[in-house]
Amino acid sequence: FVASILLLWRFRTLWQRRTRATRAAIRPQRRHADALREARSLAREGRFLEAAHRVQLATLGLLIELDWLELARSDPNRTLRRRIMVSGLPERERRQLIALIDRLETLWFAEPRDDPRLFEDWLALDERIVSLAGARRP
């Protein structure tokens, strides 16, 4: 009798761990999808600069979740650029990511204006990174 209770308890514990791990894996994907949905909504309102910024944050968050990038909230953009250059991303995506960060930073601080093309470029890069992430999964 005690053995069956222990076996049942062990099964329940393993099931709970598996369920938690599955939920933890889904959470970053859901946050990423929610951020992209919000960005597209902003773009529909003509707020392309803010929309591009949301895609940037979603993309960087995804890279951090995938362990392709190590970054703290307090890290300046120069640190971000350095870490991107040594990240596991393919060179094309690394270079484009840095170029888009530069473009967004210029438009955000130096000459604020909405640029639909910047938003579209961020979305395209994000889609490639999502595709690369899918290819890396077992």
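How much space lies in the largest pocket? About 750 Å³. A pocket here is an open set of points on a 1 Å grid over the protein atoms alone, fitting a 1.4 Å probe, with protein on both sides within 12 Å along at least five of seven lines; its volume is the space filled by probe spheres set on the points.

Before going further: this is a predicted model, where local features need pLDDT of at least 70, side-chain atom pairs count only at pLDDT 80 or more, and totals for linings use all residues. Residues are numbered from 1 along each chain, and side-chain values use heavy atoms, without hydrogens or water.

Back to the pocket. Helix α2 gives the largest share of the lining, nine residues. Helices are DSSP runs of H or I, at least four residues long, numbered from the N terminus.

Now look at T59, in α2. T59 counts as buried because its relative accessibility is 1%, and buried means under 20% (1.4 Å probe, protein chains only). Leaving out residues up to four places away in sequence, T59 touches H32, W122, D126 and I129, contact being heavy atoms within 4.5 Å.

Conventions
Helix = DSSP H or I, 4+ residues; strand = E, 2+ residues; numbered from the N terminus. Buried < 20%, exposed > 50% of the residue type's maximum accessible area, 1.4 Å probe, protein only. 1 Å grid on protein atoms, 1.4 Å probe; cavity = no way out; pocket = protein on both sides within 12 Å on 5 of 7 lines; lining within 4 Å.
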